[in-house]
Amino acid sequence: MPNPWDFNEEAAEQEEEQRTLLREGEKKASRIFSGFIDFAFSGNILEIAFGLILATAFTAVTTSLVSDILLPPLSVILPLRRNMNEKFAVLRPGPNYTNEDGYNTLSQAQKDGAIVLAYGVFLNRVVNFLGVGLALYGLASLYQYLSKDPIIKHSVKCRYCKKRVSDKATRCVNCTSWLDGREERMR
């Protein structure tokens with residue numbers, strides 16, 4: 001049986017190695033945590049998070065505008081007899097389909113197991129996409145009008161490489177040709 005008062009060199013080395021490993025692990029964990037805090041609370045990340053929250057709310061408002069305001073009058077103007085969302089074509093009827101009654105709603109057809117082409121939902125989403133795009137373009141134009149920071153960057157095609165470059169550029173960034181026609185005058 002080993003005497004506890006005897007100095008064991010191997011045990012001391014193992015204990016020192018364990019302390020060193022623990023200190024290094026604590027340093028790495030602290031560095032990772034502080035790096036995450038710096039990343040999470042940096043200005044750009046908070047701006048992006050704020051922008052995403054606003055974009056989600058803006059999309060919900062635009063979706064409601066399209067679904068609840070724009071498409072119902074369109075359904076009345078065009079002889080559709082129902083909301084645009086409910087327009088569908090039955091490709092293969094389900095087991096409870098009858099030729100006399102058919103399906104009155106899209107959900108009824110889907111519950112019966114029919115294969116349907118829901119073109120009304122697709123048209124709703126296309127109009128919704130166009131509405132969101134136009135509204136965002138309007139907001140970007142208003143922001144650009146009120147501030148000096150451009151969001152909408154206008155571009156032109158380079159006549160030599162046919163790639164798009166800023167309309168304020170004097171040389172193409174892709175092929176380095178002059179955009180003001182100097183090369184044509186030299187010939």
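The questions and answers below concern confidence, salt bridges, surface patches and backbone geometry.

Student: What is the mean pLDDT of the protein?
Tutor: This is a predicted model, in which local features need pLDDT of at least 70, side-chain atom pairs count only at pLDDT 80 or more, and totals for chains, interfaces and linings use all residues. Residues are numbered from 1 along each chain as its sequence is written, and side-chain values use heavy atoms, with hydrogens and water left out. The pLDDT is the predictor's confidence in each residue, from 0 to 100. In this protein 90% of the residues reach 70 or more, and the mean pLDDT is 81.

Student: Which element of the protein has the lowest mean pLDDT?
Tutor: Elements are DSSP runs numbered from the N terminus, namely helices (H or I, at least four residues) and strands (E, at least two). Where pLDDT is low, the predicted coordinates should not be read in detail. The highest mean, 92, belongs to strand E2 (residues 115-117), and the lowest, 71, to helix H5 (residues 182-186).

Student: How many salt bridges does the structure hold?
Tutor: Side chains of opposite charge can pair when their charged atoms come close. The criterion is a side-chain nitrogen of Lys or Arg within 4 Å of a carboxyl oxygen of Asp or Glu. Under this criterion, the number of salt bridges in the structure is 3.

Student: Is glutamate 9 buried or exposed?
Tutor: Glutamate 9 has its place in helix H1 (residues 9-40). Together with Glu10, Glu13 and Glu17, Glu9 belongs to a patch of negative charge on the surface. Such a patch is made of residues with over 30% relative accessible area and no salt bridge, like charges being joined within 9 Å and nonpolar side chains (Val, Leu, Ile, Met, Phe, Trp, Tyr) within 5 Å. Because its relative accessible area is 52%, glutamate 9 is exposed.

Student: Which element supplies the largest share of the nonpolar patch?
Tutor: The nonpolar patch on the surface includes Leu91, Ile115, Leu117 and Tyr119, and its residues together have about 870 Å² of accessible area, computed by the Shrake-Rupley method with a 1.4 Å probe. One of these residues, leucine 117, lies in strand E2 and is partly exposed, with a relative accessible area of 46%. At least two residues of the patch come from each of E2 and H4. The largest share, 6 residues, is supplied by H4.

Student: What is the separation of the C-alpha atoms of alanine 118 and leucine 52?
Tutor: Alanine 118 has its place in the loop between E2 and helix H4 (119-146). At 24% relative accessibility, alanine 118 counts as partly exposed. Alanine 118 and leucine 52 are 66 residues apart along the chain, and their C-alpha atoms are separated by 30 Å.

Student: What is the phi of lysine 162?
Tutor: Lysine 162 is found in the loop between strand E3 (155-157) and strand E4 (164-166). Lysine 162 counts as exposed because its relative accessibility is 52%. Although lysine 162 is not a glycine, its phi is positive, at about 65°.

Student: What is the phi of threonine 176?
Tutor: The loop between E4 and H5 holds threonine 176, which counts as partly exposed at 47% relative accessibility. Threonine 176 is not a glycine, yet it has a positive phi of about 60°.

Key
Lys and Arg count as positive and Asp and Glu as negative; His and the chain ends are not counted. The place of a charge is taken as NZ of Lys, CZ of Arg, CG of Asp or CD of Glu. Buried means under 20% relative accessible area, exposed over 50%, partly exposed in between (1.4 Å probe, protein chains only).
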